[in-house]
Amino acid sequence: MRYAVLIKDGEVSDYPADLLIDNEIISGFNLEFELEVKKVDLLIGKSLPSFLIKKLRDKGITFFKVNNFNELEGLNLDIKLPKEIKIKRGNGCQTKFKER
């Protein structure tokens, strides 16, 4: 079984987020396409819109809802985070406005 995890800032995340597949981070620009190309059977994340769950189910991909990595301990999945993901992303693109 091949699986993917919705991930943001090193934590399990809601959609939209990056994908962790085979211990490699992939930017999830087109979720359906990425999962189909990588032949993923199971998508793990905090939440996913219902229309996407239905589309994925029609393609044979199951969505598994979890709140954090600790909930995956009982499953036999080998999930390892790459070192670069452990550094949280900054908000460099946001601009602060001064009061006038």
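Among contacts in the protein between residues at least 6 apart in sequence, what percentage join residues at least 24 apart? The share is 45%, where a contact means heavy atoms within 4.5 Å.

The structure is a predicted model, in which local features need pLDDT of at least 70 and side-chain atom pairs count only at pLDDT 80 or more, while totals for chains, interfaces and linings use all residues. Residues are numbered from 1 along each chain as its sequence is written, and side-chain values use heavy atoms, with hydrogens and water left out. The mean pLDDT (the predictor's confidence in each residue, from 0 to 100) is 80 for the protein, and 77% of its residues reach 70 or more. Over residues 86–100 the pLDDT is below 50, and this stretch has five contacts in the model beyond near neighbours in sequence.

The secondary structure consists of two helices and six strands, which are DSSP runs numbered from the N terminus (helices H or I, at least four residues; strands E, at least two). Along the sequence these elements follow the pattern β-β-β-β-α-β-α-β.

Of the 100 residues, 33% count as buried, a term for under 20% relative accessible area, with exposed meaning over 50% and partly exposed in between (1.4 Å probe, protein chains only).

Glu-34 lies in helix 1 and is buried yet has no salt bridge, the nearest side chain of opposite charge, Lys-38, being 6.0 Å away; a salt bridge requires a side-chain nitrogen of Lys or Arg within 4 Å of a carboxyl oxygen of Asp or Glu, and for charge Lys and Arg count as positive and Asp and Glu as negative, with His and the chain ends not counted. Beyond residues up to four places away in sequence, Glu-34 touches Leu-19, Ile-26 and Ser-27. Ser-13 is placed in the loop between strand 2 (11–12) and strand 3, and counts as buried because its relative accessibility is 10%.
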